[in-house]
Amino acid sequence: MSVTQETKLSDNIIIPPRARKQSLWRNWEIASLMIAIAITYIGFGLVSPLRTLYARSEGATPAEAGLMAAAFLFSGFVFLFPFGWLSDRVNRVWLIMGGLIAHGLITFSYLFAVSGETFIFLRFIEGISTAAVVPAARAMLADLTPPGRNGEAFGLLGAMMTFGMFAGPPIGTTLAEWFGFTVVYWLSALVFVPAIILVLVTLRNYKPKIQPKTAAEKRELPKEKLWTTPIIIGCIVRGALGLGPGVAIAAWSLFMTDLGYSLSFIGLTYMVYAIPMVIVGPIAGRFSDRVGRLGMMFGAAILVSLCWMSYGIITAFIVILVLGIIEGTMDGIARSANDGYLADYSPAHSHGKAQGLFNAVTQFGSLAGALAGGFLYEFGHNVPFLVVGAAQVSLVLLALGFLLATRKKVMS
């Protein structure tokens with residue numbers, strides 16, 4: 001196909017014009033993967049706002065609550081890239097199923113935790129189970145997505161993940177208020193069962209579209225670099241976007257509780273953040289496929305950072321809700337554009353390794369945010385948000401400066 005017969009985006013990605021005619025939902029493998037992810041994140045979201053509060057009710061200190069988040073994020077950071085590498089070499093379906101089964105069992109095991117150390121250990125192995133699922137699922141999506149639709153596909157995936165944040169926390173916090181933590185953890189563990197069945201039934205025959213079958217074919221694959229300039233730029237932004245969720249894991253529920261708000265109000269803050277992400281993510285992804293990703297990625301990431309800084313200043317509940325809507329909208333735009341940008345430049349034969357790397361970077365950002373959040377919270381309720389917001393802005397500007405410097409070098 002000649003260049004005159006194609007659509008060319010501003011980010012120099014060539015897209016066949018026919019790629020947009022069929023909805024991604026009409027691909028049964030993509031649709032099944034999306035639904036399974038949504039179910040999984042509902043199970044995850046049911047207990048998300050309760051973990052630190054439950055641990056504190058069982059005797060864990062705020063510092064130990066921060067270490068819980070850090071343990072989860074650290075194990076994910078360590079194991080994401082190895083599992084991504086592994087998913088390029090074994091059946092991704094079995095990795096996903098194994099991770100989901102382990103995650104459900106670990107969630108149930110929290111009911112028997114009686115000390116801060118136990119909570120920290122369970123969160124550590126929970127991070128390993130998540131690392132088995134995420135790069136394999138995202139690499140599978142990259143394999144299944146038609147050319148030129150990475151922004152749309154990963155925007156939709158982000159929406160499905162966020163849907164769990166929308167559906168899970170309000171249900172979990174309401175049930176916890178009425179019936180206690182035990183019921184919520186039981187329900188969360190059981191929610192993984194339909195996701196496991198769906199993956200087994202609908203995706204067991206999945207095969208990567210590009211899969212060398214012999215040693216000779218593997219040797220003939222082109223040597224594609226993973227660490228290129230676009231990948232480095234995208235990873236810096238990705239790490240910056242990971243800082244805020246890390247703080248939220250470690251300190252958000254404590255922050256809202258110490259301001260005097262109930263569990264139901266905490267669940268509402270998760271909902272107003274998640275709804276815009278669910279709506280905006282796929283739309284932003286499709287838009288970035290058409291007009292280019294860089295402006296959307298950098299502009300929205302800066303606005304997300306400013307929202308986090310604002311949380312350190314504002315305490316009125318209605319204003320926090322408005323900020324949550326703005327943050328969710330901008331986060332959906334930034335993440336969809338960033339996901340599409342990184343997928344565009346990923347090596348075609350190493351989707352698992354690439355997605356493992358990208359998510360390890362996200363996890364590292366969240367790990368840094370969780371460690372900082374738990375530590376800085378001891379100095380004041382607003383301190384984590386001010387510091388992490390400023391760090392996000394700095395990293396995004398660093399990535400933008402790197403982009404401008406490398407473009408100038410290429411043009412000179």
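# Getting to know this chain

Colleague: Which residues are linked in a network of salt bridges?

Modeller: A salt bridge here is a side-chain nitrogen of Lys or Arg within 4 Å of a carboxyl oxygen of Asp or Glu. By this rule the count comes to 10 salt bridges. The residues joined in a network are Arg51, Arg123 and Glu126.

Colleague: Before we go on, from which number are the residues counted along each chain?

Modeller: Good thing to ask, and please keep in mind that this is a predicted model, where local features need pLDDT of at least 70 and side-chain atom pairs count only at pLDDT 80 or more, while totals for chains, interfaces and linings use all residues. Side-chain values use heavy atoms, with hydrogens and water left out, and along each chain, as its sequence is written, residues are numbered from 1.

Colleague: How many helices and strands does the protein chain have?

Modeller: Both are DSSP runs numbered from the N terminus: a helix is H or I over at least four residues, and a strand is E over at least two. With those rules, the protein chain has 14 helices and two strands.

Colleague: What percentage of the residues in the protein chain is buried?

Modeller: Buried means under 20% relative accessible area, exposed means over 50%, and partly exposed is in between (1.4 Å probe, protein chains only). The protein chain has 412 residues. The buried share of them is 55%.

Colleague: Which residue forms a salt bridge with Arg92?

Modeller: In this pair, the closest N and O atoms are 2.2 Å apart, and the partner of Arg92 is Asp143. Arg92 lies in helix α4 and its partner in helix α5 (residues 116-144), so the pair ties together parts that are 51 residues apart in sequence. Arg92 is buried, and so is Asp143.

Colleague: Is α4 roughly parallel or roughly antiparallel to α7?

Modeller: Axes are lines fitted to C-alpha atoms, for helices over the stretch in contact, and angles run from 0 to 180 degrees between N-to-C directions. Angles under 35 degrees count as roughly parallel, over 145 as roughly antiparallel, 65 to 115 as roughly perpendicular and the rest as oblique. The axes of α4 (residues 92-109) and α7 (residues 181-203) come within 8 Å and cross at roughly 165°. That makes α4, relative to α7, roughly antiparallel.

Colleague: How many nonpolar residues does the contact of α4 with α7 have?

Modeller: Contact means heavy atoms within 4.5 Å, and the residues making it include Val93 and Trp94 of α4 and Tyr185 and Trp186 of α7. For the classes, Ala, Val, Leu, Ile, Met, Phe, Trp, Tyr, Cys and Pro count as nonpolar, Asp, Glu, Lys and Arg as charged, and the others, Gly among them, as polar. This contact has no charged residues and four polar ones, while the nonpolar residues number 16.

Colleague: How does α9 lie relative to helix α13, and what is the term for it?

Modeller: The axes of α9 and α13 (residues 351-376) come within 6 Å, crossing at roughly 40°. That makes the arrangement of α9 relative to α13 oblique.

Colleague: Which residues does Phe402 touch, not counting those up to four places away in sequence?

Modeller: Phe402 sits in helix α14 and, at 28% relative accessibility, counts as partly exposed. Its C-alpha atom is 8.8 Å from that of Thr229, a residue 173 places away along the chain. Leaving out residues up to four places away, Phe402 touches Thr229, Ile232 and Ile233.

Colleague: How far apart in space are Gly59 and Gly116, C-alpha to C-alpha?

Modeller: Gly59 is found in the loop between α2 (51-57) and α3 (62-87). At 54% relative accessibility, Gly59 counts as exposed. In sequence, Gly59 and Gly116 are 57 residues apart, and in space their C-alpha separation is 6.8 Å.
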